[in-house]
Amino acid sequence: PDLNDEELPQYVKTLNKKGYDIAKVNIPFYNRDPLMIPDIALYIFQLFNEYRTKGYEKIIFAGQSRGAWSILHAARYIDSSDVYYILSTPVAHGAKGKSWNFRKQDIEFKKLISPIMTGNFVFFFFSNDPYDTGKKAGILSENFSKKAVTMVVDRPYNLAGHGSAWANLF
């Protein structure tokens, strides 16, 4: 992708400058229908296999919000300890996609991460995120701590809210 692309997060640009190949994937299932999440997960899994076939040994998946949620679905099928995940504020309004009941979404999040056996994960959550109860970091700590590093970012004050991972400040 074009490194001047405003949609490309700064940390992805930094990875490219450090020698990592970058592929920006626009998921073709763009209607955001929650029933499409299994299809999106399958698509991500197919991409993983495609890049493995091309000889890539280390693969990093990065996503934010519904993208991170979809990548977590795919991670349940990717059995590889040399895959890395950078996931920011994984939410999707729950399994049915229409839920604003974020406590229920926390329960679904725990179910989502439970079957994941391999991979290296970094999760980012930001203060003042209206889509997060603030409990996902604790869920990860209790259930996923050997596989994940979890960071809750609450400073500086202007790095807050759901889309903070896209800010150049991050």
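## Surroundings of Tyr 84

Apart from neighbours within four places in sequence, Tyr 84 is in contact with Lys 58, Ile 59, Ile 60, Phe 61 and Asn 120, where contact means heavy atoms within 4.5 Å. Tyr 84 and Ile 59 stand 25 residues apart in sequence, and their C-alpha atoms are 6.1 Å apart in space. Tyr 84 belongs to strand β2 (residues 83-88); helices (H or I, at least four residues) and strands (E, at least two) are DSSP runs, numbered from the N terminus. With a relative accessibility of 30%, Tyr 84 counts as partly exposed. On this scale, buried means under 20% relative accessible area, exposed over 50%, and partly exposed in between, with a 1.4 Å probe and protein chains only.

The model is predicted: local features need pLDDT of at least 70, side-chain atom pairs count only at pLDDT 80 or more, and totals for chains, interfaces and linings use all residues. Residues are numbered from 1 along each chain as its sequence is written, and side-chain values use heavy atoms, with hydrogens and water left out.

## Overall organisation

Five helices and four strands make up the secondary structure of the chain. Along the sequence they follow the pattern α-α-β-α-β-α-β-α-β. The chain has 170 residues, of which 42% count as buried. Among contacts between residues at least 6 apart in sequence, 68% join residues at least 24 apart.

## Helix α2

Helix α2 (residues 37-53) comprises 17 residues and reaches 24 Å from its first C-alpha to its last, close to the 24 Å expected at 1.5 Å a residue; the expected span is 1.5 Å times one less than the number of residues. Its buried residues are Ile 37, Ile 40, Ala 41, Ile 44, Leu 47 and Phe 48. Seen down the axis of α2, these buried residues fall within an arc of 115°, so they line one face of the helix. The arc is that of the directions from the helix axis to the C-beta atoms.

The buried residues of α2 pack against β1 (59-64), α3 (66-75) and β2. The face turned away from the buried side carries the exposed residues Pro 38 and Thr 53. After α2 comes Gly 55, whose phi is positive, near 100°.

Ser 65 is buried, with a relative accessible area of 15%.

Thr 89 likewise is not a glycine and has a positive phi of about 40°. Thr 89 lies in the loop between β2 and α4 and is buried, with a relative accessible area of 1%.

## Packing of α4 and α5

Helix α4 (residues 102-113) and helix α5 (residues 136-143) pack at an angle of about 30°, with their axes 10 Å apart. Axes are lines fitted to C-alpha atoms, for helices over the stretch in contact, and angles run from 0 to 180 degrees between N-to-C directions. The crossing of α4 past α5 is right-handed; a crossing is right-handed if the near helix is turned clockwise from the far one by less than a right angle, and left-handed if anticlockwise.

From α4, the residues Gln 105, Asp 106, Phe 109, Lys 110 and Ile 113 meet Lys 136, Ile 139, Leu 140 and Asn 143 in α5. By class, this contact of α4 with α5 has four nonpolar, two polar and three charged residues. Ala, Val, Leu, Ile, Met, Phe, Trp, Tyr, Cys and Pro count as nonpolar, Asp, Glu, Lys and Arg as charged, and the others, Gly among them, as polar.
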